Structure formats: C-alpha cells, structure tokens
Amino acid sequence: MREVPEVPEVPERTQGRSGRGLAARVPFQVVEVTGPSMVPTLHHGDWLLVQYGALVRPGDVVILRHPFQQDLLVVKRAVERRRGGWWVLADNSFAGGDSTDYGAVPEELVLARARVRYRPPAKGQRSVRGVVTWAVSALRPVSAARSVSRRLRAR
C-alpha cells in the first residue's frame with residue numbers, strides 16, 4: 001500500500017462557477033509515494049501529480065483516505081464501483097492493505113486521481129546510459145494499463 005507520510009492539505013470543497021465542487025485555484029497537488037504496494041507501477045520515492053475532484057474510472061490510480069485511519073492518505077488502483085463505494089487494490093498483491101482488507105471505500109474518501117508520475121534519479125547514477133534511461137522514463141502519465149503490464153510479466 002502506498003502511504004503518504006504526512007497528509008498534505010487537501011483543497012476544500014466549494015461551490016464554484018464550474019459546478020464541479022472543488023476550488024478551481026487548487027485542483028492539482030504533488031505528493032510523494034512511500035511503500036511497496038503499487039510496484040511495479042509506482043515505487044517508493046516517486047512523486048505524483050494528482051488532480052482533486054477528477055472523474056474516477058476503473059483502472060485509475062487514486063488517492064484516498066484510509067477508511068479506518070482517515071488522517072492517512074493511500075494510493076491504490078480503483079478497480080470497480082460497487083455498492084458502498086470503490087473497490088481499490090494494490091498493484092503489488094503481496095503488499096495488502098486494500099479493499100480485500102477493508103471493503104469498498106466510500107466515494108467521499110476517494111479524493112484525487114493520479115495524472116503524472118515523476119521518478120527521481122537514483123543516487124549515484126552517473127553513467128551516460130543510466131542518465132539517458134532515467135530521462136526517458138522519469139516523467140510518465142499514470143495510465144490504466146495494469147492488465148497489460150500483468151500480461152507482459154506473465155510471458
């Protein structure tokens with residue numbers, strides 16, 4: 001399970017002109033990923049650009065308040081909408097800490113959708129090949145391609 005060590009200040013819900021319910025001035029925020037639950041999609045130390053109030057669809061990586069410890073924000077994959085909220089899972093099935101433990105997450109606890117992942121360079125990464133490899137993969141959109149990556153790993 002991806003956990004954010006400190007809960008960032010979440011934009012307050014307001015009734016704006018757009019009718020979308022979030023303050024238009026702070027819809028995006030950058031958060032740091034910790035823990036192994038979303039490997040291979042996300043790794044400890046990655047940074048995410050998240051959008052509060054974005055439409056969530058099955059397959060999206062989302063930020064949510066932990067249902068039992070609401071001062072803790074976690075990153076999971078929204079799998080499907082069920083009665084009672086979203087069923088969320090970790091990409092790393094060995095990490096646990098998802099809906100298999102706490103059930104469907106109420107819609108109001110799903111705060112944001114991850115849009116972009118930034119992977120900082122590894123410490124001591126100095127070879128030209130290493131720097132080029134990092135530069136090509138450092139900034140990526142967070143996609144809903146979980147099933148594709150599973151098929152590739154299974155071959």
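Which side chains meet in a salt bridge at 2.5 Å, N to O? The pair is Arg82 and Glu80; point 6 returns to this kind of contact.

1. Basis. This is a predicted model, in which local features need pLDDT of at least 70, side-chain atom pairs count only at pLDDT 80 or more, and totals for chains, interfaces and linings use all residues. Residues are numbered from 1 along each chain as its sequence is written, and side-chain values use heavy atoms, with hydrogens and water left out.

2. Overall layout. The protein chain has 3 helices and 8 strands; helices (H or I, at least four residues) and strands (E, at least two) are DSSP runs, numbered from the N terminus. Read from the N terminus, the order is β-β-β-β-β-β-α-β-α-β-α. Of the 155 residues, 41% are buried, where buried means under 20% relative accessible area, exposed over 50%, and partly exposed in between (1.4 Å probe, protein chains only). Among contacts (heavy atoms within 4.5 Å) between residues at least 6 apart in sequence, 57% join residues at least 24 apart.

3. Strand E4. Strands count as paired if DSSP finds at least two bridges between them. E4 pairs with strand E5 (residues 73–82) in the antiparallel sense over 5 bridges, and Val61 has Arg77 as its bridge partner in E5. E4 also pairs with strand E7 (residues 110–118), again in the antiparallel sense, over 3 bridges; here Val62 stands opposite Arg113. In a regular strand the side chains alternate between the two faces of the sheet.

4. Nonpolar cores. A nonpolar core is a set of buried Ala, Val, Leu, Ile, Met, Phe, Trp, Tyr and Cys residues joined through side-chain atoms within 4.5 Å. The largest has 15 residues, and Leu42, Leu48, Val50, Val61, Ile63 and Val75 touch the most other members. Strand E3 (47–52), E4, E5 and E7 each supply at least two residues of this core. A second, separate core of 12 residues includes Val62, Ala78, Tyr102 and Leu109. Val50, leaving aside neighbours within four places in sequence, is in contact with residues including Phe28, Ile63 and Ala112.

5. A buried lysine. Lys76 lies in strand E5 and is buried, with a relative accessible area of 0%. What does the side chain of Lys76 reach at 3.4 Å? The answer is the backbone oxygen of Gly97. A polar contact of 3.0 Å also joins the side chains of Lys76 and Ser37. A polar contact is a pair of N or O atoms within 3.5 Å; within protein, one must be able to donate a hydrogen and the other to accept it, and residues adjacent in sequence count only if both atoms are side-chain atoms.

6. Salt bridges. The count is 5, a salt bridge being a side-chain nitrogen of Lys or Arg within 4 Å of a carboxyl oxygen of Asp or Glu. In one, the closest N and O atoms of Arg119 and Asp46 are 3.0 Å apart. This pair links distant parts of the chain, 73 residues apart: Arg119 is in the loop between E7 and helix H2 (128–137), and Asp46 in the loop between strand E2 (28–32) and E3. Arg119 is partly exposed at 22% relative accessible area, whereas Asp46 is buried at 1%. In the opening pair, Arg82 is partly exposed at 38%, and Glu80 is partly exposed at 33%.
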